[in-house]
Structures are given as structure tokens and as C-alpha cells.
Amino acid sequence: MTIHSNLNIQYTEDTHECDSCGISYATGVTVTDGYGNSILVLTPVARCWNSESWTEEEIMMKLLTALGYNANIKQVWE
Ligand SMILES: [Zn+2]
């Protein structure tokens, strides 16, 4: 297995404060390679509802797709 480059994975977050709903959080990610090329950018936007946010698993899947893999995850639990 050859190492091609660094991969810099920076989680990002956004918060939104509302008098009615309280604080909402959103998580995204910015991934660049060692040459500064953008691999994946998911920009988090926190809102009262319909926040644009991704779980770590969603981010992993999108990252694998961005890297050119068609990933199949088999769960060991039902
Ligand atoms: Zn609200």
C-alpha cells in the first residue's frame, strides 16, 4: 500500500441560537489533500429546523465516494 498524500480532515460546526428553540448545532467537514486540493467540503448550517448537518458516518461515506470508492458497509448487528 502506497501512501499518496496527507489527507487533512477538519470537522467544522455551526451554531444557531433562537429564543424559542434554544441552540442548534450542525457539523460538517472540510477535507484537503497534502497539496491543498479540496477533496470534500460539507458546509454546516444550523437552523431551528432542517439544519444542514452530517453525522460522522455520513461524512465517512461521502469522503469515500469523493475518493472514488463505492463503499459497502455491512453491519454486524441487526
Ligand atoms: Zn427557533
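In this predicted model, T32 sits across from S38 of strand 3. That pair is a handy way into the fold, since it belongs to a part of the chain where strands sit side by side. Strand 2 and strand 3 are antiparallel partners, held together over 4 bridges. They also make a hairpin, with 4 residues between the strands. Within that hairpin, G36 adopts a positive phi near 90 degrees.

The other pairing of strand 2 is with strand 1. Here 12 bridges link strand 1 to strand 2, which covers residues 22-33, and the two run antiparallel.

Put together, the strands give an open sheet of 3 strands in the order 1-2-3, with antiparallel pairing. The edges are taken by strand 1 (7-18) and strand 3 (38-42), each of which pairs on one side only. From one strand to the next, the twist averages 15 degrees. As a general point, strands of a sheet pair through backbone hydrogen bonds, and they can do so in a parallel or an antiparallel way.

What else is there besides the sheet? Helix 1, made of residues 56-66, lies across strand 2 and strand 3. Relative to strand 3, helix 1 runs at about 150 degrees.

Now for the chain as a whole. Its C-alpha trace spans about 50 × 40 × 15 Å along the principal axes. The radius of gyration is 16 Å, whereas a compact globule of 78 residues would come in near 12 Å. As for burial, 4% of the 78 residues count as buried. Finally, looking at contacts between residues at least 6 apart in sequence, 39% of them join residues at least 24 apart.

Key:
Residues are numbered from 1 along each chain as its sequence is written. This is a predicted model: local features need pLDDT of at least 70, side-chain atom pairs count only at pLDDT 80 or more; totals for chains, interfaces and linings use all residues. Two strands pair if DSSP finds at least two bridges between them. Axes are lines fitted to C-alpha atoms, for helices over the stretch in contact, and angles run from 0 to 180 degrees between N-to-C directions. Two residues are in contact if their C-beta atoms, placed from the backbone, lie within 7 Å. The radius of gyration is taken over C-alpha atoms; the globule rule is 2.2 Å times the number of residues to the power 0.38. A residue is buried if 20 or more other C-beta atoms lie within 10 Å of its own, exposed if 12 or fewer, and partly exposed in between; C-beta atoms are placed from the backbone.
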